[in-house]
Amino acid sequence: GLWQSATGVAFAAVFGMAVLLRTPGDTPPPIVIVLGANPEAASGLAPARFVASLAADGRSLVLKPVDLPAISTARALELWAVPAQGAPRSLGLVSPDRGATVQRAGLLQGTAAFAVSLEPAGGSPTGVPTGPILSLGKVQL
């Protein structure tokens, strides 16, 4: 029984050391995109700025507000993936307080930029931006 206990303790120690000493995988760092205030937004609107962190595998994006004007409850912020050509695709609504997290495969596929627009409450009724684009950030890899 003594040698079995000693073997069990030795195995646990070796396993514990292997876990502690393992090197992290070759996971590339996330891609950071700054969405700056859009100078072409309607005059009279305060600037809006966001920062987006995109997983290197392109499957998740976390958007955080950095500088945001007060948003009326009758309005909503909507995040868009903007292709080089063609219509933007909605990635969902953005909370003025918490931002947004998007989990979707292929977020970077065909995306030249990310944008945030000011829309009616509930988001764009047409599937494309209807309000001013408050913030825009080009994807540069």
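Predicted model: local features only at pLDDT ≥ 70, side-chain atom pairs only at ≥ 80, totals over all residues.
How many helices and how many strands does the chain have? The chain has one helix and eight strands, where helices (H or I, at least four residues) and strands (E, at least two) are DSSP runs numbered from the N terminus. From the N terminus on, the order of elements is α-β-β-β-β-β-β-β-β.

Residues are numbered from 1 along each chain as its sequence is written, and side-chain values use heavy atoms, with hydrogens and water left out.

Let me turn to the sheet. The eight strands form an open sheet, antiparallel in its pairing, in the order β5-β4-β7-β8-β1-β2-β3-β6; two strands pair if DSSP finds at least two bridges between them. At the edges stand β5 (89-94) and β6 (100-103), and each has a single partner strand, so one side of each is left without a neighbour in the sheet. From one strand to the next, the twist averages 25°, an angle between N-to-C directions, on a scale from 0 to 180 degrees, of axes fitted as lines to C-alpha atoms.

Two of the pairings deserve attention. Strand β7 (residues 113-120) and strand β8 (residues 133-138) are joined in the antiparallel sense over five bridges, and A115 has L136 in β8 as its bridge partner. Strands β3 and β6 pair in the antiparallel sense over four bridges, with T101 in β6 as the bridge partner of V62. In β6, A100 and V102 lie on a covered face, whereas T101 and Q103 lie on an uncovered one.

I come next to the interior. Buried residues (under 20% relative accessible area, with exposed over 50% and partly exposed in between, for a 1.4 Å probe and protein chains only) make up 30% of the 141 residues in the chain. A nonpolar core is a set of buried Ala, Val, Leu, Ile, Met, Phe, Trp, Tyr and Cys residues joined through side-chain atoms within 4.5 Å. The largest such core has 23 residues, of which L35, F50, L61, L63, L79 and F114 touch the most other members. At least two residues of this core come from each of β1 (31-37), β2, β3, β4 (75-82), β5, β6 and β7. Leaving aside neighbours within four places in sequence, F50 is in contact (heavy atoms within 4.5 Å) with residues including I33, L35, L63, V94 and V116.

Which side chains meet in a salt bridge? Those of D67 and R49 do, at 2.6 Å, N to O. This pair links distant parts of the chain, 18 residues apart, with D67 in strand β3 (residues 60-67) and R49 in strand β2 (residues 49-54). The structure holds one salt bridge, defined as a side-chain nitrogen of Lys or Arg within 4 Å of a carboxyl oxygen of Asp or Glu. D67 is partly exposed at 33% relative accessibility, and R49 is partly exposed at 35%.

Finally, I consider P120, which has its place in strand β7. P120 is partly exposed, with a relative accessible area of 31%. P120 and A76 are 44 residues apart in sequence and 5.7 Å apart in space, C-alpha to C-alpha. Leaving aside neighbours within four places in sequence, P120 is in contact with A74, R75, A76, P125 and T130.
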